[in-house]
Amino acid sequence: YRLLADSIIGALYDSLDMRQFAIVKSIASFASNAERFPRTPELTASGLTEGTDLSANTAFAPTVVTLTVGEVGLKLTITDLMAMGGIVGIQHYGQEAGKAVAEKRTTDLVALMAGFSNSVGTTNTDMPDAFFLNAIAYLRGAKVPGPYVSVLHTDTYYKELIGAIGGSYSALANTGQGVRAESNDLPGAGDGGMVGELYGVNTLVTPLVDEDGNSDKENGMYAPNRAIGFVEKWAIRPELERDASLRGSEVVVTAAYAVGETDDVSGVRIVSDGA
């Protein structure tokens, strides 16, 4: 069991952990399977007249988004002959199972970007840097405080955006460093999917970004401390059960969590061809 648990921990370190770009809450110690996220309305102040009573009341009615936890996981059955005669040990099975659950968690979080009501970009059109900058402009225009994070499909980033950097804003190259240096573009993503900052926005690359009905990639940009939430009842955990009559063991890996959009205004889809 210790080898199994250690192998899963190692697999998680190698995976893109999208939870760091969400509002994370744990309900592990509570007798509940749901958590609430408040949404505060924007208030407007107005000018006052000296000596005049401020009699009008400004309505203040926060709303709430409730996320209810569900389970995800998988089971692998390893017979004694497989364990004793195979080319891999139980650590390898545990590692692959842990990676599968971690990828499911990331997929669920990334898929939330497709639900943002506001979008930039054009269907069946490769993504230039103008799309990226339009997303920043939208969030700034909506008075969404930063920092922001963008999540782009692998094809969108490597096949479209990198080659287009500076295509619309070549005036950025005003110090002799070149437009890519000016835009703080880092051309390669690490194993965890992190590219770095692009125009001041933390940028992630993953093939888990969804496609819409037109086969366009539904990339996105959002404020991680406002737009999406993650609630965890228990983290990814392994269990090992011996089945003597089967002459084997069952490896069960599960997690219990919920994801959801917590503030639609704080996120924007970036539609691109991504082919």
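**Entry 1: Asp273.** I found Asp273 in the segment after strand β12 (267-272); helices (H or I, at least four residues) and strands (E, at least two) are DSSP runs numbered from the N terminus. I noted that the model is predicted: local features need pLDDT of at least 70 and side-chain atom pairs pLDDT 80 or more, while totals for chains, interfaces and linings use all residues. Residues are numbered from 1 along each chain as its sequence is written, and side-chain values use heavy atoms, without hydrogens and water.

Asp273 is buried and has no salt bridge. Buried means under 20% relative accessible area, with a 1.4 Å probe and protein chains only; a salt bridge needs a side-chain nitrogen of Lys or Arg within 4 Å of a carboxyl oxygen of Asp or Glu. The nearest side chain of opposite charge is Lys217, 6.8 Å away; Lys and Arg count as positive, Asp and Glu as negative, and His and the chain ends are not counted.

**Entry 2: the sheet.** I traced an open, mixed sheet of 4 strands in the order β1-β10-β11-β4. Its edge strands, β1 (23-26) and β4 (70-79), each pair on one side only. Strands pair if DSSP finds at least two bridges between them. I saw that 10 bridges join β4 to the antiparallel β11 (residues 248-261), and Leu76 has Val251 in β11 as its bridge partner.

**Entry 3: helix α4.** I looked up its buried residues, among them Phe131, Phe132 and Leu133. After α4 comes Lys143, with a positive phi near 60 degrees.

Terms used: Buried means under 20% relative accessible area, exposed over 50%, partly exposed in between (1.4 Å probe, protein chains only).
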